Amino acid sequence: GLGDVYKRQAVYVGTRAPHNWSHWLLNFLPGVEIADRYFGNETSPPLIVPPGYRKSESQMTLFDSIWSNREVVMCNPDVEILVDKLHWFEQPVADSPRSLDPANLLPKSLNASALTRFRAKIVSLKGIDLQETDRVRNVFLAREPGRRDYNFEEIHTVASELGCKIVYPNRLSVYDQLT
């Protein structure tokens with residue numbers, strides 16, 4: 001490779017597809033918040049991150065609000081990162097690897113307390129009034145037609161009949177998505 005990076009210690013957040021917005025927001029960033037909580041105000045080892053982990057302004061703002069000015073080491077396919085002690089933090093939302101037979105999929109796991117703390121931190125940073133946003137709502141998080149083919153008209157009809165509001169997360173700001 002182009003060279004090696006040596007660190008006595010490093011932090012890693014285990015997740016798949018951190019370039020995907022929903023995986024980034026539900027898996028990667030809450031995992032970074034768990035690492036931040038673990039180290040507290042103490043100096044932490046650098047966080048190893050994939051290329052493109054902060055592609056948008058929203059991502060940069062959210063990431064920086066959690067990891068602040070702590071050191072970050074970019075994964076690069078041409079560079080080997082050597083670490084004596086790796087602090088591995090799992091994502092709070094995880095699903096099993098994809099199976100050829102859907103009947104073999106394991107259930108998703110969810111660390112609700114970690115996600116609740118993550119949401120509270122973001123809400124606090126943005127100053128969102130939870131009196132308005134914490135009421136019970138039935139929502140169906142829809143994908144734009146054409147992004148992934150599914151019988152969206154039929155599903156939207158059923159969701160509407162059940163009293164769900166159809167919401168396209170990609171049309172919302174990051175803070176509206178979180179609230």
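## Overall arrangement

Followed along its sequence, the protein chain shows the pattern β-α-β-α-β-β-β-β-α-α-β-α-β-α, and its secondary structure comes to six helices and eight strands. The model is a predicted one, and the values below are computed from it.

Of the 179 residues in the protein chain, 32% count as buried. The accessible surface of the chain comes to about 11,600 Å², and 52% of that surface belongs to carbon and sulfur atoms. Among the contacts in the protein chain with a separation of 6 or more, 72% are accounted for by residues 24 or more positions apart.

## Two helices in contact

How do helix α2 and helix α3 (residues 112-126) lie relative to each other, given that their axes come within 11 Å? The axes cross at roughly 105°, and angles of 65 to 115 degrees count as roughly perpendicular, so α2 and α3 are roughly perpendicular to each other. On the side of α2, the contact is made by Leu 62, Ser 65 and Ile 66, while α3 contributes Phe 118, Lys 121, Ile 122 and Leu 125. The residues of this contact between α2 and α3 divide into five nonpolar, one polar and one charged.

## Two buried residues

Gln 59 lies in helix α2, which spans residues 57-67, whereas His 87 has its place in strand β4, which spans residues 79-90. Is Gln 59 buried or exposed at 3% relative accessibility? Because buried means under 20% relative accessible area, Gln 59 counts as buried at that value, and His 87, at 11% relative accessibility, counts as buried by the cut-off of under 20%.

| Residue | Partner | Atoms involved | Distance |
|---|---|---|---|
| His 87 | Gln 9 | side chains of His 87 and Gln 9 | 2.5 Å |

If neighbours within four places in sequence are left aside, Gln 59 is in contact with Trp 21, Trp 24, Tyr 53 and Arg 54. With residues up to four places away in sequence not counted, His 87 touches Gln 9, Ala 10, Val 11, Tyr 12, Tyr 38, Phe 39 and Pro 45.

How values were computed. Residues are numbered from 1 along each chain as its sequence is written. This is a predicted model: local features need pLDDT of at least 70, side-chain atom pairs count only at pLDDT 80 or more; totals for chains, interfaces and linings use all residues. Side-chain values use heavy atoms; hydrogens and water are left out. Helices (H or I, at least four residues) and strands (E, at least two) are DSSP runs, numbered from the N terminus. Buried means under 20% relative accessible area, exposed over 50%, partly exposed in between (1.4 Å probe, protein chains only). Contact means heavy atoms within 4.5 Å. Axes are lines fitted to C-alpha atoms, for helices over the stretch in contact, and angles run from 0 to 180 degrees between N-to-C directions. Angles under 35 degrees count as roughly parallel, over 145 as roughly antiparallel, 65 to 115 as roughly perpendicular and the rest as oblique. Ala, Val, Leu, Ile, Met, Phe, Trp, Tyr, Cys and Pro count as nonpolar, Asp, Glu, Lys and Arg as charged, and the others, Gly among them, as polar. A polar contact is a pair of N or O atoms within 3.5 Å; within protein, one must be able to donate a hydrogen and the other to accept it, and residues adjacent in sequence count only if both atoms are side-chain atoms. Accessible areas come from the Shrake-Rupley method with a 1.4 Å probe; for residues, only the protein chains shown count as cover.
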